[in-house]
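This briefing accompanies the structure shown below. The points are grouped by topic for reading alongside the coordinates.

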Amino acid sequence: MIPFDNSYARLPQGFFARVAPTPVAAPRLLALNEPLADRLGLDSNWLAGPEGLAMLAGNAVPDGAEPIAQAYAGHQFGGFVPQLGDGRAVLLGEVVAPDGARFDIQLKGSGPTPFSRRGDGRAWMGPVLREYIVSEFMHAMGVPTTRALAAVATGETVWRESALPGAVLTRVAASHIRVGTFQFFAVRDKTDALAALTDHVIARHYPTANGPLSLLDHVVARQAETIAHWMALGFIHGVMNTDNMAISGETIDYGPCAFMDAYHPDTVFSSIDRAGRYAWAQQPQIAVWNLAQLATCLIPLMGERDAAIDAATKSVHSFAPLYQAAWRRRFGEKLGLTEAADAQPLAERLLTLMAQQRADFTRVFAGLADGAARDEFTDRAPFDAWAADWQARNPDPALMRHANPLRIPRNHRIEEAIAAAVAGNLDPFRRLFDAATHPREGRPGWEDLAAAPRSEQIVHQTFCGT
Ligand code: AMP
Ligand code: MG
């Protein structure tokens with residue numbers, strides 16, 4: 001039996017709708033994350049058995065679970081939507097792990113809820129497997145992120161552009177509370193609910209925070225770290241709407257996300273991001289924009305209005321120096337340099353060269369430790385000049401090997417794995433997952449997964465995949 005303790009379900013009524021997952025026709029386990037099950041104190045054998053599978057598919061609600069769909073609002077591409085909410089997910093409940101850490105267990109793709117609007121509440125196998133791989137890669141690299149406990153095929157068809165096999169992802173998160181959760185109450189002038197949410201978040205995520213302003217400071221600092229880490233991996237979230245930014249600082253809602261192959265700061269993959277609002281280089285500014293929305297929500301809780309606005313503004317502006325420090329540290333480590341070495345100008349010079357020559361982001365950094373980076377440049381002279389200046393600082397290969405993955409889950413590999421899975425072959429998915437979750441390990445047989453795509457393999461666009 002799973003020891004649920006559902007603190008969110010004890011919040012006042014307007015925070016959620018009670019709704020059970022909708023059962024599916026023929027559940028089949030696609031993947032189970034045993035290390036994560038262990039971390040949560042759950043029994044992998046039980047999860048993989050008939051009762052566990054029924055839970056992971058949404059066909060049975062286990063004892064102690066109190067399934068709910070959470071209410072939230074959000075700015076989508078800058079436009080405010082007062083009501084979004086879990087339209088294709090339910091929170092089964094919260095589990096307290098053996099070490100005392102609390103986790104949400106959520107089913108994504110589990111059927112309609114009162115927040116589904118015109119959606120079917122379902123997900124197809126593609127985005128489920130994509131999130132499973134990418135979120136676990138991010139975790140392996142130490143990026144704060146929601147995680148994937150299981151993926152289950154539903155045995156049902158989901159209709160998108162075509163008929164596709166349905167699936168359910170079991171997502172594990174510190175919580176699913178978003179900037180948009182605060183916006184949901186703020187736009188309705190529900191100050192009591194905002195205060196209750198603030199208290200809940202402080203107790204759950206930031207126990208050292210002493211009030212709404214301090215909470216804002218904590219969230220700003222956490223997001224600055226997370227976004228800098230994304231940047232250091234060439235990660236593009238793709239839909240940084242306020243409803244897709246977690247208060248915990250975890251990366252959440254992997255949709256049209258992608259890692260860059262060839263480096264350029266303006267890279268965008270999402271088919272719906274036509275203006276490049278969420279391009280790689282935009283992500284820190286967008287984080288500030290989102291945090292300003294959170295600040296706006298918290299101001300009514302912060303006492304006298306003018307003073308509150310000043311303090312909240314200052315807090316949001318603290319993002320820039322925190323982010324820049326995190327960026328310097330992350331990119332410094334990628335170059336094998338500690339903070340004392342003032343690596344920023346070197347990192348910027350290298351990135352400029354990479355952009356000019358569209359060098360592969362992952363391969364250049366991974367190649368610094370063994371001398372292969374040079375091969376990623378067609379015009380080697382400027383790289384050699386850079387490398388001479390860099391070598392003069394005595395870079396530490398161990399630091400580089402830790403910071404730079406040998407492999408990222410490349411877009412073309414993910415698509416290949418999804419296509420095979422849809423056709424009934426899970427081997428490419430399993431192999432890619434294994435390699436992605438051991439990103440620093442140079443195992444023989446994985447060389448092809450470290451290669452950049454050939455021109456005909458390049459993925460130019462990714463889709464929300466809802
Ligand atoms: P996203 O852009 O994936 O973060 O989703 C934005 C909103 O659309 C959220 O409120 C989702 O719950 C909702 N949504 C996305 N896909 C579906 C779907 N297939 N059925 C119902 N609601 C959905
Ligand atoms: Mg979302």
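In this predicted model, helix α15 (residues 411-422) and helix α16 (residues 427-436) have axes that come within 7 Å and cross at roughly 145°. The contact involves Arg413, Ile414, Ala417 and Ala420 on the α15 side and Pro428, Phe429 and Leu432 on the α16 side. Of these contact residues, six are nonpolar, none is polar and one is charged. Two packed helices are described by the angle between their axes and the distance between the axes.

- The buried residues in α15 are Asn411, His412, Arg413, Ile414, Ala417, Ile418, Ala420 and Ala421.
- The cover over these buried residues includes β8 (123-124), α4 (125-140), β12, α16 and α17 (447-450).
- Just after α15, Gly424 adopts a positive phi of about 100°.

**Magnesium site**

- The magnesium ion (ligand 2) is coordinated by Asn244 through OD1 and by Asp253 through OD, at 2.0 to 2.1 Å.
- Asn244 has a relative accessibility of 12% and counts as buried, because the cut-off for buried is under 20%.
- Asp253 is likewise buried, with a relative accessible area of 12%.
- Asp253 belongs to the loop between β11 (235-236) and β12 (258-259).
- The phi of Asp253 is near 60°, which is a positive value in a residue other than glycine.

**Helix α13**

- Helix α13 (residues 380-391) has twelve residues that should span 16 Å at 1.5 Å a residue, in agreement with the 16 Å between its end C-alpha atoms.
- Phe383, Trp386, Ala387 and Trp390 are the buried residues of α13.
- Viewed down the axis of α13, the buried residues fall within an arc of 100°, and therefore they line one face of the helix.
- These buried residues of α13 pack against α11 (344-357) and α14 (397-403).

**Helix α9**

- Helix α9 (residues 305-317) contains 13 residues and reaches 18 Å from its first C-alpha to its last, close to the 18 Å expected at 1.5 Å a residue.
- The buried residues of α9 are Ala308, Ala312, Ser315 and Val316.
- Because the buried residues of α9 fall within an arc of 95° when seen down the axis, they line one face of the helix.
- On the other side of α9, the exposed residues are Asp306, Asp310, Lys314 and His317.
- Cover for the buried residues of α9 includes α7 (212-232), α8 (283-298) and α10 (319-334).

**Loop between α5 and α6**

- Asp189 is located in the loop between α5 and α6, and Lys190 lies in that loop, between α5 (179-186) and α6 (191-205).
- Asp189 has a positive phi of about 55° although it is not a glycine.
- Asp189 is exposed, with a relative accessible area of 67%, while Lys190 is partly exposed, with a relative accessible area of 42%.
- Lys190 and Gly14 are 176 residues apart in sequence and 10.0 Å apart in space, C-alpha to C-alpha.

**Met260**

- Met260 is located in the loop between β12 and α8.
- With a relative accessibility of 0%, Met260 counts as buried, because buried means under 20%.
- Apart from its neighbours within four places in sequence, Met260 is in contact with Gly234, Ile236, Thr267, Phe269, Trp280, Phe361, Thr362 and Ile408.
- Met260 and Tyr132 are 128 residues apart in sequence, and their C-alpha atoms are 19 Å apart in space.

Notes. Residues numbered from 1 in each chain as written. Chains lettered and ligands numbered in written order. Predicted model: local features only at pLDDT ≥ 70, side-chain atom pairs only at ≥ 80, totals over all residues. Heavy atoms only, no water. Donors = N, O, S within 2.8 Å, 3.2 Å for Na, K, Ca; no water. Buried < 20%, exposed > 50% of the residue type's maximum accessible area, 1.4 Å probe, protein only. Axes fitted to C-alpha atoms, helices over the stretch in contact; angles between N-to-C directions. Helix = DSSP H or I, 4+ residues; strand = E, 2+ residues; numbered from the N terminus. Contact = heavy atoms within 4.5 Å. Nonpolar A, V, L, I, M, F, W, Y, C, P; charged D, E, K, R; others polar. Expected span 1.5 Å × (residues − 1). Arc of directions from axis to C-beta.
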